[in-house]
Amino acid sequence: MNNREKRELIFKIYSDNFQSIVDNTKLKETYDKDYGYYCPLCTEHFTKKELHDKTLTLEHNPPKSLGGKGTILTCKKCNSKSGHSIDVELSNALKTLDAYSFKPNSEFKTKFTNEHTGDKGVNANIKVDNDGKFIINVDSKNNNPKISKRFFDSAKHTYHNPIFATDLKNIGWQKEISFSFPKPEPLNENILKISLLKIAYLKAFEKLGYIFLFSKNMQIVRKQLDNPEKEIIKSPFWFKYDFPDDKLGVNIITKPRELRAFLIIFDLETSSDKYRFAIILPGLGEDDDKIYDIFPNRTTGEGFLNCELNNYINFHYDIKKPEETFKLVRYWDEIIEKME
């Protein structure tokens, strides 16, 4: 399936989902548009015409650089805005974490300094291959020739007599250069948190559709995503817990009662490692958006140890079937009744 066909299929699935809600609720009084697609980030309405002129674009969620695939649509404006201000920051942060941990298949640019180069140093590239071997490159074209020469001239020459060598690779004359390089720049932790929240929110929309998107409890999430520089949602809004693979996706926290919410669990993959995250999103019930006031004060240590999860949604809810549109609402109501 090419990108055009994929975009048309996604448009139809979610437009049918929207139409099913409109036909069976009073939502038409608020969302008075015809059949079409609402961008999950800005909630603007788009028709099939705007799909064809590429105003609606494939959104890679998570970012493509972290293993994401084009599975939903967002408008061109939102895709571009979040891609530059949020997604790139997250990708760079994880790759930097890999690199400064010297994980296989990681690579980063830095600056080497020693007593012969002064503060200016020389630009260098450090790569760790699949076997953990370090490959260091100092390109003379990207450095001041005089400083680069002083750097290489600072090498100490030592001779390893083959009679006493235990490693045949290290015999004869060897060069040794001493240098240091700086720690990475501090990460913008606030932007990183917002990027994780965005991934969780879009994954929930992908799975649940407009029943999720039109919930008033999601307004606070969209407000935070639209204002990444502000702390609208209190931190933390994630669990520090090593969840098993069968919990990947959209889950419901059923116990304790006051922590009832969606829990979105997903992986981000770099070329060196895999990172698993679990992000809290408000439930569908009255006042469930208060979870962001309650959660930070209720979690200590591993956080999840006193909670129970239900992953019914991952196995029993299919956004492609319009007849199942309200299945989630009914199920959520049943959960509330059992927990009251």
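This is a short tour of a predicted model, one selection at a time.

**Stop 1: helix 1**

Select residues 3-24, which form helix 1. Does its length fit its residue count, or what span should you expect? At 1.5 Å a residue, the 22 residues should span 32 Å. The end C-alpha atoms are 32 Å apart, so expectation and model agree.

Next, colour the buried residues of helix 1. They include R7, I10, F11, Y14 and F18. Further along, S20, I21 and V22 are buried as well.

**Stop 2: the aromatic rings**

Show every aromatic side chain. The whole structure holds 31 aromatic pairs. Start with Y37 and Y210. Their ring centres are 6.4 Å apart and their planes meet at 80°, so this pair is edge-to-face. Y37 belongs to strand 1 (residues 37-38) and Y210 to helix 6 (residues 210-213), so the pair ties together parts that are 173 residues apart in sequence. Both Y37 and Y210 are buried.

Move on to F151 and F179. Here the centres are 6.2 Å apart and the planes lie at 55°, so the pair is tilted. F151 sits in helix 4 (residues 145-153), while F179 sits in the loop between strand 9 and helix 5, so the pair ties together parts 28 residues apart in sequence. Are these two buried or exposed? F151 counts as buried, at 3% relative accessibility. F179 is partly exposed, with a relative accessible area of 32%.

Now select F11, Y14, F18, Y35, Y37, Y38, F205, Y210 and F214 together. Ring pairs link them into a cluster.

**Stop 3: C78**

Select C78 in helix 3 (residues 76-100). C78 has a relative accessible area of 14%; buried means under 20%, so C78 is buried. What does C78 touch beyond its sequence neighbours? Its contacts are C39, L41 and C42, leaving out residues up to four places away in sequence. T57 and C78 are 21 residues apart in sequence, and their C-alpha atoms are 9.5 Å apart.

**Stop 4: strands 11 and 12**

Finish with residues 261-269, which are strand 11. A hairpin of four residues connects them. Find D267: R276 in strand 12 stands opposite.

Methods: Residues numbered from 1 in each chain as written. Predicted model: local features only at pLDDT ≥ 70, side-chain atom pairs only at ≥ 80, totals over all residues. Heavy atoms only, no water. Pairing = 2+ DSSP bridges. Helix = DSSP H or I, 4+ residues; strand = E, 2+ residues; numbered from the N terminus. Buried < 20%, exposed > 50% of the residue type's maximum accessible area, 1.4 Å probe, protein only. Contact = heavy atoms within 4.5 Å. Expected span 1.5 Å × (residues − 1). Phe/Tyr/Trp six-rings, centres within 6.5 Å; stacked < 30°, edge-to-face > 60°.
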